[in-house]
Amino acid sequence: MSLQSLALIENWPVPTAAAGVVRADGTVPGTHGPADHRFPLASVTKPLAAYAALVAYEEGAVELDEPAGPPGATVRHLLAHTSGLAFDEHRTMSAPGERRLYSNAGFEQLGDHIAKATEIPFAEYLRQAVLEPLGMTSTSLEGSPAKDGVSTVADLLRFAAELQAPRLLDPRTVAEAMTVQYPGTKGVLPGYGHQNPNDWGLGFEIRDTKSPHWTGSSSSPRTFGHFGQSGTFLWTDPDAQVAAVALTDRPFGPWAIEAWPVFTDAVLTEVRG
């Protein structure tokens, strides 16, 4: 039986929406909407790119603390949005490690760094390292590693299952990615304003006690994930042992700020029984 809570997407003011849930044991208790419809991910691309970067790290192609990006910055700074690079411009706004400056440019420099280290174009490296092994055949990177991924709910549920029970990475690496990097760093969470602290792991935003937030009021502080300006999100709640994906074709805005937490709380209530 499919989860009743997923039907809430029917009420969202969007042309097309699909959603799904996967448990930590890999079972999918439900999907709703066209699970095989390909949606632009916008910034939900970043967790996929980050996972590829972590594969490159485990393969020995890069080190997390080697120089990358602007002077003084490292691969870790780029993954944690603390390199000092501006949001969408390749110019430095602050010293590495000082502020949480959410940066598309940082992920683009990360992609370039890994492509150079592996001698494989980043989109192809992502395909070989993450997408192909997980069977994510409907997912592709069609430009920037920060925002140009295209995928389906069915594929992202495979990725969300991997996040909960890693096969491609050592679980210790994944645990590091979900651990706050540069604790106490302030910054702006796009769409939600200034947060102190603005906690991030390696490519994943960590909920902690942020308010307001795009996850639910019942989401555990350990919840991690990402949302995208194309009206998309993926979150994993380790305490509830469940992850959810929702993809739409309407840009993020007030509708999402209102709808997403209600959806998340309904899903968590239902899966917790």
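Lys-210 touches Leu-189, Gln-195, Pro-197, Asn-198, Asp-199 and Glu-205, when residues up to four places away in sequence are not counted. The model described here is predicted.

- Lys-210 is located in the loop that lies between strand S8 (205-206) and strand S9 (224-228).
- Its relative accessibility is 4%, and because buried means under 20%, Lys-210 counts as buried.
- Two of the residues touched by Lys-210 also take part in polar pairs with its side chain, as the next two points describe.
- The side chains of Lys-210 and Glu-205 are joined by a polar contact of 2.8 Å.
- A polar atom of the Lys-210 side chain also lies 2.7 Å from the backbone oxygen of Asp-199.

**Strand S1 and its partners**

- Strand S1 covers residues 17-23, and six of its seven residues are buried, so the strand is largely enclosed by the rest of the structure.
- S1 runs antiparallel to S11, to which it is joined by seven bridges.
- S1 also runs antiparallel to strand S2 (residues 30-32), and three bridges join these two strands.
- Within this second pairing, Ala-19 has His-32 in S2 as its bridge partner.
- S1 and S2 form a hairpin with six residues between them.
- In the turn of that hairpin, Gly-26 has a positive phi of about 90 degrees.

**Ala-244 in strand S11**

- Ala-244 belongs to strand S11, which spans residues 242-248.
- With a relative accessible area of 0%, Ala-244 is buried.
- Val-21 stands opposite Ala-244 in S11.
- The C-alpha atoms of Ala-244 and Gly-20 are separated by 5.7 Å, although the two residues are 224 residues apart along the chain.
- Neighbours within four places in sequence aside, Ala-244 is in contact with Gly-20, Val-21, Phe-233, Leu-234 and Trp-235.

- Ala-42 has Gly-149 in S5 as its bridge partner.

Definitions and conventions
Residues numbered from 1 in each chain as written. Predicted model: local features only at pLDDT ≥ 70, side-chain atom pairs only at ≥ 80, totals over all residues. Heavy atoms only, no water. Helix = DSSP H or I, 4+ residues; strand = E, 2+ residues; numbered from the N terminus. Buried < 20%, exposed > 50% of the residue type's maximum accessible area, 1.4 Å probe, protein only. Contact = heavy atoms within 4.5 Å. Polar contact = N/O pair within 3.5 Å; in protein donor to acceptor, adjacent residues only side chain to side chain. Pairing = 2+ DSSP bridges.
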